[in-house]
Amino acid sequence: MPTAAAEIISPETAPLDEIVGSIKPLRVETPALDAKLPQGVRLVRVTPGHAARWLQRPGNNRRLSSSLIQRYARTMAAGDWQLTGEPIKFNAQGHLQDGQHRLQAILQSGVTIDALIVTGLADK
């Protein structure tokens, strides 16, 4: 089964569509089915600028927890944020499905972090 190679993208001005524009499908047998954003995964250097723009693409997200955002922001500001296997997720229409707490923490801390970005997902 072919996999997409991880690629770090750093330009703060790159829109999500451009960042995911050349993503290769994770599975050849999983078509994007007319998706606006191709299905794929990338490792992206997420800046506060990215976070601000991506938070303008709201999806069906849970209620924000200010204490969780504060905790994430403190960890990021201290330089202790670790890359995990949990991605920031967008559906095929480009709406944020998961990751709003991390993105809010990036804004609050002013820190750039590396994160997995998954796009082209079916709606929850």
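Which handedness does the crossing of α3 and α4 have? The crossing is right-handed. This report builds up the setting of that helix pair.

**Overall layout**

The model is predicted. The protein chain has 124 residues, and 36% of them count as buried. It holds four helices and four strands. Along the sequence they follow the pattern α-β-α-α-β-β-α-β.

**Confidence**

The mean pLDDT of the protein chain is 76. A value of 70 or more is reached by 69% of the residues. Helix α3, residues 66–77, has the highest mean among the elements, at 97. Helix α1, residues 16–20, has the lowest, at 54.

| Stretch | pLDDT | Contacts in the model |
|---|---|---|
| Residues 1–13 | below 50 | 33 contacts beyond near neighbours in sequence |
| Residues 21–35 | under 50 | 27 contacts beyond four places in sequence |

**The helix pair**

Two packed helices are described by the angle between their axes and the distance between the axes. The axes of α3 and α4 (residues 100–109) come within 8 Å. They cross at roughly 55 degrees. That angle makes α3 oblique to α4.

Which residues make the contact? From α3 come Leu68, Ile69, Gln70, Tyr72, Ala73, Met76 and Ala77. From α4 come His101, Arg102, Gln104, Ala105, Ile106, Gln108 and Ser109. By type, the contact has eight nonpolar residues, five polar and one charged.

**Around α4**

Several residues of α4 are buried: Gln100, His101, Arg102, Leu103, Ala105 and Ile106. What do they pack against? Their partners include α3, and also helix α2 (48–54). The strands β1 (40–46), β2, β3 and β4 (113–121) are partners too. Just after α4 sits glycine 110, with a positive phi of about 75 degrees.

**A loop residue**

Alanine 92 lies in the loop between β2 (88–91) and β3 (96–98). Is alanine 92 buried or exposed? Its relative accessibility is 10%, so alanine 92 counts as buried. The cut-off for buried is under 20%. Glycine 120 is 28 residues away in sequence, yet the two C-alpha atoms are 3.8 Å apart in space.

How values were computed
Residues are numbered from 1 along each chain as its sequence is written. This is a predicted model: local features need pLDDT of at least 70, side-chain atom pairs count only at pLDDT 80 or more; totals for chains, interfaces and linings use all residues. Side-chain values use heavy atoms; hydrogens and water are left out. pLDDT is the predictor's confidence in each residue, from 0 to 100. Helices (H or I, at least four residues) and strands (E, at least two) are DSSP runs, numbered from the N terminus. Contact means heavy atoms within 4.5 Å. Axes are lines fitted to C-alpha atoms, for helices over the stretch in contact, and angles run from 0 to 180 degrees between N-to-C directions. Angles under 35 degrees count as roughly parallel, over 145 as roughly antiparallel, 65 to 115 as roughly perpendicular and the rest as oblique. A crossing is left-handed if the near helix is turned anticlockwise from the far one by less than a right angle, and right-handed if clockwise. Ala, Val, Leu, Ile, Met, Phe, Trp, Tyr, Cys and Pro count as nonpolar, Asp, Glu, Lys and Arg as charged, and the others, Gly among them, as polar. Buried means under 20% relative accessible area, exposed over 50%, partly exposed in between (1.4 Å probe, protein chains only).
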